[in-house]
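Let's take a friendly walk through a protein model, one piece at a time. Keep the picture open while you read.

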Amino acid sequence: MEGPVNKLHKASVDKVCCAAQSEAYDKLCTLINEDELAILKRGRNLNSNHVPKNSEALNYRRATGVEALFGYLYLSGETDRLNELFDAVWTDIPGMPDPIHNTSSD
């Protein structure tokens, strides 16, 4: 029997992987301004000698760009903008529970 915590954990692990974050990259490119795009691309273009074994290099690089942008917004104190972008990406990932209404987006 799988409880709600296990279901949430499985869903979140599936969505925080490089492939899901790479999908978020595409969505973010349509929502962000030029300065944010520059940060996204700079994070994506960082040279890394490590790619996880269960990930493709392109997905890993794009996921790094998403994390760089979100980290920048957080550290800059732009939490409203961070939440706006996160909500836009979160709701577009199938199967993710709605954190406010505690329902699945399927």
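Below is a short report on the overall layout, some helices, and the salt bridges.

## Ground rules

What you're looking at is a predicted model, where local features need pLDDT of at least 70, side-chain atom pairs count only at pLDDT 80 or more, and totals for chains, interfaces and linings use all residues. Residues are numbered from 1 along each chain as its sequence is written, and side-chain values use heavy atoms, with hydrogens and water left out.

## The overall layout

The protein chain has five helices and two strands. Helices (H or I, at least four residues) and strands (E, at least two) are DSSP runs, numbered from the N terminus. If you follow the sequence along, the pattern reads α-α-α-α-α-β-β.

How much of the chain is buried? Of the 106 residues, 26% are buried. Here, buried means under 20% relative accessible area, exposed means over 50%, and partly exposed is in between (1.4 Å probe, protein chains only). The chain exposes about 7400 Å², and carbon and sulfur atoms supply 54% of that. These areas come from the Shrake-Rupley method with a 1.4 Å probe; for residues, only the protein chains shown count as cover.

Now for contacts, meaning heavy atoms within 4.5 Å. Take the contacts with a separation of 6 or more: residues 24 or more positions apart account for 51% of them.

## Helix H2

Let's start with H2, which covers residues 18–29. H2 has 12 residues and reaches 17 Å from its first C-alpha to its last, close to the 16 Å expected at 1.5 Å a residue. (The expected span is 1.5 Å times one less than the number of residues.) The buried residues in H2 include Cys-18, Ala-20, Tyr-25 and Leu-28.

Ala-57 belongs to helix H4 (residues 57–75). It counts as partly exposed because its relative accessibility is 42%.

## Helix H3

Next up is H3 (residues 34–45), whose 12 residues should span 16 Å at 1.5 Å a residue; the end C-alpha atoms are 16 Å apart, so the two values agree. Which residues of H3 are buried? They are Glu-36, Leu-40 and Gly-43. These residues cover an arc of only 65° around the axis, so they sit on the same side of H3. (That arc is taken from the directions from the helix axis to the C-beta atoms.)

The buried residues of H3 pack against H2, H4 and H5. Look at the other side of H3 and you'll find Glu-34, Asp-35 and Arg-42 exposed.

How many salt bridges does a search of the whole structure find? It finds three. A salt bridge is a side-chain nitrogen of Lys or Arg within 4 Å of a carboxyl oxygen of Asp or Glu.

One of them joins the side chains of Arg-62 and Asp-26, at 2.5 Å from N to O. This pair links distant parts of the chain, since Arg-62 is in helix H4 and Asp-26 is in helix H2, 36 residues apart. Arg-62 counts as buried because its relative accessibility is 14%, whereas Asp-26, at 44%, counts as partly exposed.

Finally, find Arg-81 in helix H5 (residues 79–90). Is Arg-81 buried or exposed? Its relative accessible area is 17%, so Arg-81 is buried. Leaving out residues up to four places away in sequence, Arg-81 touches Leu-31, Ile-32, Asn-33, Glu-36 and Leu-73.

The side chain of Arg-81 meets that of Glu-36 in a salt bridge (2.9 Å, N to O). Arg-81 lies in helix H5 and Glu-36 in helix H3, so this pair ties together parts that are 45 residues apart in sequence. Both Arg-81 and Glu-36 are buried.

Arg-81 also forms a salt bridge with Glu-84, where the closest N and O atoms are 3.0 Å apart. These two residues both lie in helix H5, three residues apart, which is about one turn of the helix. Glu-84 counts as partly exposed because its relative accessibility is 47%. Through shared partners, salt bridges join Glu-36, Arg-81 and Glu-84 into one network.
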